[in-house]
Amino acid sequence: MKRRSVVVFAAVVPAAPVPGSESAGNGRLRANPRDTRCDVTFARRPRLALLAVAMLLAAGPGLAQTTDSPLVAELKRYLNDGAAIATAPFRFDTRDWAEVAAISGGVVFVGTRDDRIDAWVQNHRSKQSDNFARVVTPFGSWAAIGVSAVALGGGLISHNKRLLDTGRDAVEAEILAAGITTPLLKYAVGRVRPSDGADADEFKPFSGNSSSPSGHATEAFAVASVLSARADGWVVPVVSYTLASCVGYARVHDRAHWASDVIAGGLVGTLIGRTIVRRHERDEAQPEVPPAAYSFRIAPVISAGGLGFTASASF
């Protein structure tokens, strides 16, 4: 039904110029511009710098359909998703806790075999495996961020909403999983890396040791889970998860992590990535609320000649 707007009443009275504003020759009011400046320095944290750039790209013009600025709206989106993920255990039921127990038990079981796995991998190292590990390792750091940025930028340039949403979700998953969750867990767990000559059972909580969970595995699986969840068919999921698994193998191969560290990191990245996509797809599926059949509005009128108000009805 076509909507019409009818002005019912309008009134204007002379008024003095509004302080802090300039009156243009055509009668419009222009607020005095104010300069706002924010300087951020990233030292020795190239991954955080790249993620910050990607986040700013995600908050580009036209992405946020709210009254907030694009960057503020994007930050609110991250905060809402982060809060939902952090408080999820309080909403778990018996089945959820059973799954948590099973997954945790699996990680612990692998942890009891970490020494054997490490010895087997080192005994089978070769020049070819060294080269392979060197090639795939970046997909757990800057290359993974690059994949997210390409999806994000491609969606912006081509106006492809699905590709754009994939890039936004991937960047958010990297920030929440690899940028926040895993570093906190690393600090709390304090597991010593195998490259430091430690045994698999050496844990020093809050000591700065950061073997578990694996940050590279977290990032690789965070991106892989988003790409897989947003894609149709089996090709993207198979390629994404295979590449992420290769990153995990490379970290064990290079003795940067124990096998259970890689599994833990992969679980963190996958769970957060898939949760983010599921939340956003649910929001996207909600139908828009149709406009009311009838509305009445009173609005102020400010012009160079005076102040007043208008009353209008729409139907």
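**View 1. Lining of the largest pocket, by residue class.** The lining divides into 24 nonpolar, 8 polar and 10 charged residues. Here Ala, Val, Leu, Ile, Met, Phe, Trp, Tyr, Cys and Pro count as nonpolar, Asp, Glu, Lys and Arg as charged, and the others, Gly among them, as polar. A word on the source: this is a predicted model, with local features needing pLDDT of at least 70, side-chain atom pairs pLDDT 80 or more, and totals for chains, interfaces and linings using all residues. Residues are numbered from 1 along each chain as its sequence is written, and side-chain values use heavy atoms, leaving out hydrogens and water.

**View 2. Centre of the largest pocket.** Of the 42 lining residues, Phe92, Val100, Leu267, Val268 and Leu271 lie nearest the centre. Two or more lining residues come from each of α2 (70-86), α3 (94-111), α7 (161-189) and α10 (259-285), and α10 gives the largest share, 13 residues. (A pocket is an open set of points on a 1 Å grid over the protein atoms alone, where a 1.4 Å probe fits, with protein on both sides within 12 Å along at least five of seven lines; lining residues have an atom within 4 Å of a point. Helices are DSSP runs, H or I, of at least four residues, numbered from the N terminus.)

**View 3. Around Gly111.** Gly111 is found in helix α3. Beyond its neighbours within four places in sequence, Gly111 is in contact (heavy atoms within 4.5 Å) with Arg191 and Ser260. Gly111 and Ala259 are 148 residues apart in sequence, yet their C-alpha atoms are 7.2 Å apart.
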